Amino acid sequence: MNITPLNTTDYDHIVFFTGAGMSAESGVPTYRGSGGIWHEYRWEDYASQEAWKRNPDKVFDFHDERRKEALKCNPHAGHEVIALLEQDHPDVSVVTQNIDGMHQRSGSRKVTELHGSIWRIRCEEEGVIHEDMNPGPYAARKCNCGAWLRPDIIWFSDYLNPNILSQADEIVSRADLFISIGTSGVVWPAAGYPQLAKSGGAKLIEINPEPTELSHLYDQIYPDKAGKVLQKLFDLLHLNIT
Ligand code: NAD
């Protein structure tokens with residue numbers, strides 16, 4: 001595939017909008033696709049507030065497993081390209097639907113996590129969110145106040161955190177280059193971000209081996225894997241991903 005590298009100085013604010021396909025290339029299982037988590041587990045039993053209320057230990061066991069799986073995987077060259085670009089360019093942001101912390105592990109700092117993180121936990125009694133970077137299971141399942149903790153993740157039927165949403169809206173609205181990677185664009189409100197960026201006048205690029213429901217919105221489409229395309233697009237082929 002012929003890819004002309006972008007001149008990053010042409011853009012004031014670059015936004016990378018990532019989904020499960022970005023991490024799939026690192027080996028993190030997707031949810032819906034072939035080999036996806038929801039073929040093995042019913043989300044109703046593991047990823048909803050009701051499931052957690054019914055049986056918090058069962059939900060914790062499931063999420064401990066997700067942490068273990070994520071730690072077996074490493075960021076790929078595509079993650080590294082984004083992190084390097086943040087060091088070189090004054091305004092690079094990541095808005096991600098992923099919960100695995102892979103962008104931060106590769107060195108990205110300006111990451112907005114729309115759907116939460118498996119590396120955080122919260123006490124709903126006290127309304128406090130804690131980081132839990134223990135490289136394994138969650139360090140605790142109960143808060144010091146005695147209440148159950150819960151993974152700080154947006155489960156099915158949960159509302160998104162309004163502060164995170166307005167932060168993401170602000171970032172996406174002022175993008176002049178918006179690059180969407182590995183998202184099918186069907187999960188809302190994230191699925192509205194390409195249109196929001198377009199309305200703000202951004203150039204839109206999609207990187208995804210498969211066409212998506214939103215492909216028609218994009219100015220340029222690269223139907224290939226994230227790592228390969230990102231290296232070419234930002235002229236960082238020396239990272240040499242296979
Ligand atoms: P999705 O599973 O609906 O779509 C994934 C997309 O990635 C597909 O369109 C697929 O063609 C594409 N893809 C696969 N491999 C790719 C590659 N190497 N390079 C580029 N693209 C590739 O994902 P979604 O749109 O993010 O929605 C899924 C929801 O599930 C999100 O809400 C997300 O929070 C959650 N989720 C998160 C993780 C994670 O944190 N790693 C994993 C699974 C699901």
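Of the 26 residues around the ligand, the nearest are Gln-97, Ile-99, Thr-183, Ser-184 and Asn-208; a residue belongs here if one of its heavy atoms lies within 4 Å of the molecule. This is a predicted model, where local features need pLDDT of at least 70, side-chain atom pairs count only at pLDDT 80 or more, and totals for chains, interfaces and linings use all residues. Residues are numbered from 1 along each chain as its sequence is written, and side-chain values use heavy atoms, with hydrogens and water left out.

By class, the shell has 9 nonpolar, 12 polar and 5 charged residues; Asp, Glu, Lys and Arg count as charged, Ala, Val, Leu, Ile, Met, Phe, Trp, Tyr, Cys and Pro as nonpolar, and the others, Gly among them, as polar. Domain 1 (1–27 + 75–115 + 160–242) and domain 2 (29–72 + 117–153) both contribute to the shell, so the ligand lies between them. Those bounds come from an automatic or database domain assignment.

Now the polar contacts, meaning pairs of N or O atoms within 3.5 Å. A polar side-chain atom of Asp-100 is 2.7 Å from a ligand nitrogen. A ligand oxygen lies 2.8 Å from a side-chain N or O atom of His-115, and a ligand oxygen is 3.1 Å from a polar backbone atom of Gly-182. The protein buries 88% of the 850 Å² that the ligand exposes when taken alone, by the Shrake-Rupley method with a 1.4 Å probe.

Last, the backbone. Most peptide bonds are trans. The one from Trp-188 to Pro-189 is cis, with omega near 5 degrees.

Conventions
A polar contact is a pair of N or O atoms within 3.5 Å; within protein, one must be able to donate a hydrogen and the other to accept it, and residues adjacent in sequence count only if both atoms are side-chain atoms.
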